[in-house]
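I opened this entry to keep track of what I looked up, in the order I looked it up. Where a term has cut-offs, I wrote them down at first use.

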Amino acid sequence: MSEQKISVTASPAVPAAAPRHRDPLALVVRFQSLIGLVVVAIGGIIFSPRRHGQILFLDPDNIANIVRAVSETGIIAIGMTFVIITAGIDLSVGAVLGLSSVVTASMMISGGFGLIPTILAVLVMGIVFGAIQGTISTRFRLEPFIVTLAGLQAARGLALVVSGNQYINISYGDGPGLAPPVFAILGERLFNNTVPVATIVFIVFAAIATIVLNTTRFGRYVFAVGGNERAARISGVPVSMVKISVYAITGFAAALAGIVHAGQFNFGSANDGMGYELTAIAAVVIGGTSLFGGAGSMVGTVAGTIMLGALANILQLNNITPAMQLLATAAIIVLAAVLQSLVRRREGLGR
Amino acid sequence: MSAPLLSVTGAVKRFGGVQALRGVDFDLKAGEIHALLGENGAGKSTLMNLLSGVYTPDEGTIHIDGKEVTFNNPREAQAAGIATIFQELDLVPTLDVAANLFLGRELMRPGGFLDVPAMRSEARKRLEAIELAIDPASMVANLSIGQRQVVAIVKALSYASRVLIMDEPTAALTVGEVDRLFDIMRKLAASGVGIVYISHRLEEVPQIADRVTVMRDGRVAGVTEPHAPQAELVRLLVGRPLDELYPERSTKAGRTLLSLRDASFRLAHESAGWQPPSGVSLDVKAGEIVGLAGIMGAGRTELLSALYGTGLSGRWEGEVAIDGQPVRLDSIRAARAAGIAFVTDDRRGSGLMLRMAVGLNLVMSVIRRISPFGLMSQRRQADAVKQSFGQFDIRPKNPDIAVGALSGGNQQKVVLAKEITGNPRLLLLDEPTRGVDVGAKGEIYARLRQLAAQGLGILVASSEMPELIGLCDRIVVLREGRNVAEFIGGVDEHTVLDAANGREA
């Protein structure tokens, strides 16, 4: 690092940026998913059905249910956050989840592979799948939207080939054609039967992702590529490598979610994870990450994921139809996006 | 005599069939500020890209301290001590200042983690070294263009400290910011840095440069000293004497077209850095070209965009009248209905559809006229395109090529022609010749004067003082959104500057 010393005498200093008084709206947007989560939780308590004076929404079983139900889309949303901060998108993740769940089941049941080789193979497959999409997108300068749309088709097609369009049921036991019983732990709860294992996987993955995004050079590069790709390139940031890496991360996340899916439901099917990519994108956007790239937060994504799950849960507890649940989700996505757009315009970044 | 810090000998560069450089010699001494002038397409960008390692020359050599070097990429040029600041500034707006300064060269703690405190304090040190009071933790998006410019310089110097190449650094700066930038450049030169300074602004050259190289058609047209008369520089630039850059004034002002009396624009929401018109009184008469002067942030652009309804949302208070009739100018639709046309300072961003053909851009302002019953009429469109081409000498004279492929000057002529085709009464122009070469400038000025003579009223905002003084009949000086002084055209530049800066004359 060469250092530049400039000796200076009196000179009119360029005035500092006017101290920006905190825009309350900006604060709301910064913590929008956390605020949303609190609002949804309060709403859940108020509108929750009660049984014997107990608030059903706060019942430990119910809460465990919420965080278990969101763990797969949560894992995917964590990976998606990286991609979206680079101003990209990955539509293939739901299909890769399906492919991974099918491969997990068939490797253990039909292939006779052990647990560890199966998990490693599936994770590597996810990484490679994502990296291939990233490579195609950077090498041929294609929009990630179209490349991962193709990836979605490819992964579903592969899943159908591997599964022969059948459910592959996972039976447990020792010996060929059976999965090791320990794999079933993904559908269980730990700590006195309170915390779902799937949720633990989600939270651990989220914690690692948070550290990577906020404290490592790679994380900084992810923000830089999304913030101004040209500037990043000229500063010596390996832009293509960063882009390929973030798609490898979503591939990894989708594969991890696929393994969790197979473990929770004890089968693999080519239709697993249908539409998960959209739920994950919604969670990321509600979490405050900008689709224009350059800004975003992992904590926001986690909160956004749980918020969507809690919302669905309240509506279910009150026997509200799935149709209304979809409409409520739609309203929240629009609200989150409108808030972000308002702040962008105020900060002069808007379009 | 010792070898120059940097020298280029016989540089040739071809792109396909186009020869961008035809044997260029150029040299730079340590501690020298060397201005590189040339019209668009003269080859100065290509030369700059050779020096910064973006291109490699087809023929010719580059020497540093008398030793031959070759750069295969920008990093190699940086390693040799050459830093380039491109016009786009290459900062990441969503990251903070420290993160930008260290992008690609982050300071790390053991274990692979970023050392943010160390980067912040080091960034603070470097910014203070040039007395720039910027918080290293503030987001670049929140800085002014002038501040960003200096951050870019500090960043460039942090990895290459011998040669600094600056591509039109003053293009987006106000007069005050330009002065501060020049101070910083002089200090850098005094510390031994050689600076290549590329600019369109002839009037800046004597202020800052030690030596001037003028390029034309891929060759060096001449090397001269900075105090050479402007006419001499223009002759070198254009290749022929340019009789008069600014046309004769013909102040036959007619009726009052635009009249503002203590007019203010109330914003629906306050916005940092957007100075709304507050208590402006001014007139623009038919046949008149009125200039708007003022420092950056004085509200020149804001006044024009508020009149045209493209600014932030809000409403006018006080008297706003067009042709004697009070009007509510609260939307683009209302402005157009009142006969106002507007040419933005950002032609690439909001003036043109760059990928669309020239002809389609030209008819954009009269699309209703050429689409009876909502159906596009090919015949009327062709007529309108022909009419537009008659407004300005747009080269090449081909309506079917994408407007983005034209030179800056020709793009600007397309924007102007487009607006004039709609037959406005009042034309609002924001920085009408930004990034436009001298030849095209003269042509644009002459045409504007002709249009005024035909009865058009023109209100021009510009940060180029000589342009306002040379072109306009009257110059209104704005400060903090208010008109504070008015001068007739041809006034002394310093008088206007003093008024703009709030100093007593």
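The notes below go from chain A to chain B.

**Ground rules.** The model is predicted: local features need pLDDT of at least 70, side-chain atom pairs count only at pLDDT 80 or more, and totals for chains, interfaces and linings use all residues. Residues are numbered from 1 along each chain as its sequence is written, and chains are lettered from A and ligands numbered from 1 in the order in which they are written.

**Chain A, overview.** I noted 14 helices and six strands in chain A. Helices (H or I, at least four residues) and strands (E, at least two) are DSSP runs, numbered from the N terminus. Of the 351 residues of chain A, 47% count as buried. A residue is buried if 20 or more other C-beta atoms lie within 10 Å of its own, exposed if 12 or fewer, and partly exposed in between, with C-beta atoms placed from the backbone. I also looked up contacts in chain A between residues at least 6 apart in sequence: 76% of them join residues at least 24 apart. Contact here means that the C-beta atoms, placed from the backbone, lie within 7 Å.

**Chain A, α2 and α13.** Two packed helices are described by the angle between their axes and the distance between the axes. For helix α2 (residues 32-47) and helix α13 (residues 298-317) of chain A, the axes come within 8 Å and cross at roughly 20 degrees. Axes are lines fitted to C-alpha atoms, for helices over the stretch in contact, and angles run from 0 to 180 degrees between N-to-C directions. α2(A) and α13(A) are therefore roughly parallel to each other. Angles under 35 degrees count as roughly parallel, over 145 as roughly antiparallel, 65 to 115 as roughly perpendicular and the rest as oblique. On the α2(A) side, the residues that meet α13(A) include A:Gly36, A:Val40 and A:Phe47, and on the α13(A) side they include A:Gly304, A:Met307 and A:Ile314. I recorded the classes of the residues in this contact as 11 nonpolar, six polar and no charged. Ala, Val, Leu, Ile, Met, Phe, Trp, Tyr, Cys and Pro count as nonpolar, Asp, Glu, Lys and Arg as charged, and the others, Gly among them, as polar.

**Chain A, α9 and α11.** Helix α9 (residues 217-227) and helix α11 (residues 239-265) of chain A pack at about 105 degrees, with axes 10 Å apart. α9(A) and α11(A) are therefore roughly perpendicular to each other. A:Tyr221, A:Val222 and A:Val225 of α9(A) meet A:Val239, A:Val242, A:Lys243 and A:Val246 of α11(A). I wrote the classes down as six nonpolar, no polar and one charged.

**Chain B, β3.** Are the residues of strand β3 (residues 33-38) of chain B buried or exposed? Six of its six residues are buried. One side of β3(B) holds B:Ile33, B:Ala35 and B:Leu37, and the other holds B:His34, B:Leu36 and B:Gly38. β3(B) runs parallel to strand β10 (residues 194-199) of chain B, joined by five bridges; two strands pair if DSSP finds at least two bridges between them. Strand β11 (residues 211-216) of chain B also pairs with β3(B) in the parallel sense, over five bridges. B:Leu37 stands opposite B:Ser199 in β10(B), and B:Leu36 has B:Thr213 in β11(B) as its bridge partner.

**Chain B, β15.** I found five of the five residues of strand β15 (residues 289-293) of chain B buried. β15(B) pairs in the parallel sense with strand β20 (residues 457-461) of chain B over four bridges, and B:Val290 stands opposite B:Leu459 there. Four bridges also join β15(B) to strand β21 (residues 474-479) of chain B, again parallel.

**Positive phi.** A:Ala87, not a glycine, has phi near 70 degrees and lies in the loop between α4 (71-85) and α5 (93-109) of chain A. A:Ala87 is partly exposed, with 18 other C-beta atoms within 10 Å. B:Glu431 has a positive phi of about 45 degrees and counts as buried, with 24 C-beta neighbours inside 10 Å.

Technical notes
Contact = placed C-beta atoms within 7 Å.
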